[in-house]
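Here is a short tour of the chain you are about to see.

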Amino acid sequence: MKKYIFKSLTFLLAASTLTSCLKDDTMILDPAKGHNVIEFANPAQIAVNGTPSPMYQFSYSTATLPTLPITVSYSGPEATAPQDITVRITPGNTAKIQEYNTATSSSYTLLPAESYTLSTNEVVIKAGTSKATFNVALRPLTFSFTGLQVLPLTISSVSTGIISGNFGTILLNVTPKNIYDGVYNVTAGNVQRFTAPGVPTVNDGLNGDVAGNPDVSLQTINLTTVQINGLTWHGGGGIAGIDNLRATIDPATNLVTMSALGNASLRNIAGTVNRYDPATKTLTLNFEWNPTANRRAFTGLVFKYNHER
């Protein structure tokens, strides 16, 4: 008899546990049946979903001193806070970065203290409202050009209420952009292919004027170097054999040196102009590759800045 009683009790306990789990799931799926939490609002699109802490990515010009507003929110079925809620924010939790790195096989590092300043470590969500905002002042010139630095922000305490388990910590990945970074229009230039030095190809649809070709993007590599992405032939189509095409600008002279990690033969054409004009944000380029074999050359190529990348 005891055996049957024990089995009955076990069944009832399991059913009760299952009911509790289902109730909890229902509360999660239906915010109207849950409770409010204090959390960070999304400052941008989450970089990768399903990570231990959400990460958001930002890029800034090294010539600027940007301010990033960060909002904390009283979120849930109640539209507003019933009383003042004091929220304390703590920056720089390295453990959260390591947790993210482990989960995503990444190698992010902590943004140093000299690269940012919080306007405050404490904000108040006023009664009758649902949000409060503080600012993070950033110094992009101090960022690492690897793009792997992260500022973690954690809600460390609240005067009342529950801190969100999912959005109680956020990770801000910040990357510097040098002053040349951006999307550029192709406004002039010519491309020519050769079968041998001094022997241009004929009836070659890839040769010719490139003005009006698709825009190119200049991506920051370091303070003075950009990678040129999206360069095409006259007839369209990406150019193979010059992967990681790069322009390095001397800030003292504005002269440009062309190179490509994928082709060591790529170089400036001797005696021609390779220059950046800071007044018009324009690059004029003349470069070639494979100069002693099947030479290819861009001459009079002009990129004019259009907008941020």
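## Ground rules and salt bridges

A salt bridge here is a side-chain nitrogen of Lys or Arg within 4 Å of a carboxyl oxygen of Asp or Glu. This is a predicted model, in which local features need pLDDT of at least 70 and side-chain atom pairs count only at pLDDT 80 or more, while totals for chains, interfaces and linings use all residues. Residues are numbered from 1 along each chain as its sequence is written, and side-chain values use heavy atoms, with hydrogens and water left out.

Searching the whole structure turns up 7 salt bridges. One of them joins Arg193 to Asp204, with the closest N and O atoms 2.7 Å apart. This pair links distant parts of the chain, 11 residues apart: Arg193 belongs to strand E11 (residues 182-196), and Asp204 to the loop between strand E12 (199-200) and strand E13 (208-209). Helices (H or I, at least four residues) and strands (E, at least two) are DSSP runs, numbered from the N terminus. Arg193 is buried at a relative accessible area of 19%, and Asp204 is buried too, at 17%. For these labels, buried means under 20% relative accessible area, exposed over 50%, and partly exposed in between (1.4 Å probe, protein chains only).

Which residue forms a salt bridge with Arg267? The partner is Glu288, and the closest N and O atoms are 2.8 Å apart. Here too the pair links distant parts of the chain, with Arg267 in strand E18 (residues 267-268) and Glu288 in strand E20 (residues 282-289), 21 residues apart. Arg267 is partly exposed, at 42% relative accessible area, whereas Glu288 is buried, at 6%.

Glu288 also meets the side chain of Arg295 in a salt bridge, 2.5 Å from N to O. Arg295 counts as buried, with 17% relative accessibility. Through shared partners, salt bridges join Arg267, Glu288 and Arg295 into one network.

## Aromatic pairs and charges over rings

Rings of Phe, Tyr and Trp (its six-membered ring) pair if their centres lie within 6.5 Å; planes under 30 degrees apart count as stacked, over 60 as edge-to-face and the rest as tilted. By this rule there are 8 aromatic pairs. Tyr180 and Tyr276 make an edge-to-face pair, at 4.9 Å centre to centre and 90 degrees between the planes. Tyr180 sits in the loop between strand E10 (169-177) and E11, while Tyr276 is in strand E19 (residues 275-277), so the pair links parts of the chain 96 residues apart. Both Tyr180 and Tyr276 are buried.

Trp233 and Trp289 form a tilted pair, at 6.3 Å centre to centre and 35 degrees between the planes. Because Trp233 lies in the loop between strand E15 (225-229) and E16 and Trp289 in strand E20, the pair ties together parts 56 residues apart in sequence. The ring of Trp233 has the charged end of Arg193 sitting over it, 5.2 Å from the ring centre. A charge sits over a ring if NZ of Lys or CZ of Arg is within 6 Å of the ring centre and within 35 degrees of the ring normal. The charged end of Lys281 likewise sits over the ring of Tyr305, 3.8 Å from its centre.

Asn254 lies in the loop between strand E16 (245-249) and strand E17 (256-260). Is Asn254 buried or exposed? Asn254 counts as buried, because its relative accessibility is 16%. Beyond its neighbours within four places in sequence, Asn254 is in contact (heavy atoms within 4.5 Å) with Ile249, Asn274, Arg275, Tyr276 and Pro278.

## An open sheet and the whole chain

An open sheet of 4 strands runs in the order E1-E3-E8-E6, with antiparallel pairing. Strand E1 (37-40) and strand E6 (116-118) stand at the edges with a single partner strand each, so one side of each is left without a neighbour in the sheet. Two strands pair if DSSP finds at least two bridges between them; E6 and strand E8 (residues 131-138) are antiparallel and joined by 3 bridges. Leu118 has Val136 in E8 as its bridge partner.

The protein chain comes to 2 helices and 21 strands. Of its 309 residues, 39% are buried.
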